[in-house]
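Please open the model in your viewer and keep the selection tool at hand.

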Amino acid sequence: MIGRAWIQRRRPASRQGQAVLWNALAALVFLVMVFPIYWMIATSFKSGRDILSLTPQWFPIHPTLANYEDAWHKPFFLNAVLNSVQVVGTTVLITLALAFLAAVAIARYNFGGRKAFIVLVIGVQMVPLNALIIPIYLLLDGAGQTDRLPGVVVTYLAFVLPFVIWTLRGFIANVPIDLEEQAMIDGCSRGGAFLRILLPLVAPGLVATAIYAFIQAWNEYIVAYVLLPTNENQTLTVWLAGFTTNHGPQWGPLMAAATLTSLPVVAFFIVIQKRVVANLSAGAVKG
Amino acid sequence: MCAATNTDTLLREEPRHRVLGLIAGRRLRKRAAPYFLVAPAVAAIAAILAYPLCLLAVLSLQHYGIRQLFAHQGVWVGIDNYWSLLGDAAFRAVVLRTLIFTFANVAATLVLGTLIALLMERVLPVLRLVVMAGLVLVWATPVVVAVDMWQWMFDYEFGIVNYALTHAGLGNFIHHSWFDNPIQGFTVIGIVIVWGAIPFVTVTLYAGLTQVPREIVEAAEVDGAGPLQVFRYVTVPVLRPIFVILATLSTIWDFQAFNQVWIMLNARPSADYMVMGVYSFVQAFKVSQYGEGAAIAVVMVVVLLLATAFYIRSYLRQAVGGLEGA
């Protein structure tokens, strides 16, 4: 504290100037980072004429919902939304079930092969997933599962599972084992103790990892693009990426559709990000 | 990959495992239980990650074209695919391009992310909250959406970037097409990638910065260290583990970049825009040479493994070591 006061006394004027400079710089960073998102939303509310003007209109002066209506009525939009919801919902549910079981095993049991399993779970996360598209496609093609949603669900499941297992393990390890013992002394079976005691206590962890799986599956593009060739079966990201007509991209409806696509993710992301960051930095600094 | 390994709790829990076991009684069932618990997860990971990885290696040794696709059976050609890649000047260019592009993206992401994180320490709390909220917004934006919005900003006719550059007096950018020249095109794609990657790096580093002990910084300042020296001799050593993780993850993500290139160029990238992820994809799904595409993917995996081996080894050691007591 003494040192700090001394420094402040030494150069008060430059400190003041610096503070203003830093704050101005931070404001600039904010503007640059957020502008593309603002521009997307602003464009989505403009009429076609206002979008295609040589002097850009910084605010939508004549706001309209026409672009949203347009995007909504585009062929296969509703199909795509429905497909995405199905794929994401199934992926999240199955992921949580499998991950909870596996996480209980590595957090609560000591068994031969446990270490190998942990190495597998961590090591697999280092594999560049884009490199696996070709064999996964051929595998599912051979099984007659291309152009069908279950193939995509299974792929997403495997892609998010390792991270979810590892994260849930942390949550479970933080629940004192005494609580389960108490339940078992009171006549609960071990499985019952997991379901009645442990499961409710790791609920925050389940929510956080569910949102993680949700975001990954909702945003995924290349797997769905390869595995779902026909329009009826596309997910939302594939539909959005294919949003071009013979007359070039229609920016208004495209921006409206893009805004709609990101809405659920933004909402969920705001819930999850604090926890993930806390986990990550805690693990890293300790190491 | 984020969860901390908590040695203490595990060590404390250890004898309890046995206590629980005695309470539960039925020894055999107890011993089998964990295997039943991990079996579904192992099956899923093995079927969709491990087996395809092996299949990828096998495929890379086969000729696998349209005819083989219908027969579901490749023709063995040994290392021919690799030989032809090695002799292919275009492929060597692709590798070089990918390495340079990855390095540029990772470096830009880390430098900018670090600078913004350091800046966050020096601004008013309200402003910090606003900037962080903005970063989370960027972070949450799906990649496909991000590419679409940047595409619109860099549109040659009505894009706001061309307008702004022209009116800032930086030259005549009216009807300037950014993708005619691959260096400019890659700059735009790099901007999209770095823009999307900065929030994760900044938020993580800022969280790490708050854990740098204040007293050490003050002690260094009293000893006459300037801001740069404080950064070099106090901040960097404390944050080193985070830097290593972030550099590794960024490398893994940027090296296999596909979506940004593919969607930005409307699914029709010219030869100048082939990076490894795109080239492998095109060889397989557009040219229908699945074997060659697989060989390229194998090269990708191997290069990445070499680049990240150090981190993976130390992380695995830390993760497994942390559990050693159990």
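Begin with chain B of this predicted model, and select its two domains in turn: the C-alpha centres of domain 1 and domain 2 of chain B lie 33 Å apart. The domain assignment places residues 1-59 of chain B in domain 1 and residues 60-322 in domain 2.

Next, select the residues through which these two domains meet. Six residues of domain 1 of chain B are in contact with 13 residues of domain 2 of chain B. On the domain 1 side, helix 2 of chain B gives the most, with four residues. That side of domain 1 of chain B consists of four nonpolar residues, two polar residues and no charged ones.

Now display chain B as a whole. Its secondary structure comes to 14 helices and two strands. Of the 326 residues of chain B, 39% count as buried. Among the contacts in chain B with a separation of 6 or more, 65% join residues 24 or more positions apart.

One pair in chain B illustrates such a separation in sequence. Select P182(B) and A271(B), which are 89 residues apart in sequence and 9.7 Å apart in space, C-alpha to C-alpha. P182(B) is found in helix 9 of chain B, residues 182-209. Leaving aside residues up to four places away in sequence, P182(B) touches D272(B) and Y273(B). Is P182(B) buried or partly exposed? P182(B) is partly exposed, because 16 other C-beta atoms lie within 10 Å, whereas a buried residue needs 20 or more.

The next stop is the largest nonpolar core, which has 167 residues. The residues with the most contacts inside this core are A99(A), A102(A), A103(A), I134(A), L161(A) and I165(A). Helix 8 of chain A, residues 149-173, supplies the largest share of the core, 17 residues. The core also draws at least three residues from each of domain 1 and domain 2 of chain B.

Two loop residues deserve a separate selection. D147(A) lies in the loop between helix 7 (133-142) and helix 8 of chain A. Its phi is near 65°, a positive value in a residue other than glycine. Most residues other than glycine have a negative phi. D147(A) is partly exposed, with 16 other C-beta atoms within 10 Å. In chain B, select N266(B), in the loop between helix 12 (259-264) and helix 13 (276-286). The phi of N266(B) is near 55°, likewise a positive value in a residue other than glycine. N266(B) counts as partly exposed, with 14 C-beta neighbours inside 10 Å.

Finally, colour chain A by pLDDT. Its mean pLDDT is 86, and 88% of its residues reach 70 or more. Over residues 5-9 of chain A the pLDDT is below 50, and this stretch has two contacts beyond near neighbours in sequence. The pLDDT is also below 50 over residues 280-287 of chain A, a stretch with 22 such contacts in the model. Where pLDDT is low, the predicted coordinates should not be read in detail.

Technical notes
Residues numbered from 1 in each chain as written. Chains lettered and ligands numbered in written order. Predicted model: local features only at pLDDT ≥ 70, side-chain atom pairs only at ≥ 80, totals over all residues. pLDDT = per-residue confidence, 0-100. Contact = placed C-beta atoms within 7 Å. Core = buried A, V, L, I, M, F, W, Y, C linked by C-beta atoms within 7 Å. Buried ≥ 20, exposed ≤ 12 C-beta atoms within 10 Å, placed from the backbone. Domains from an automatic or database assignment. Nonpolar A, V, L, I, M, F, W, Y, C, P; charged D, E, K, R; others polar.
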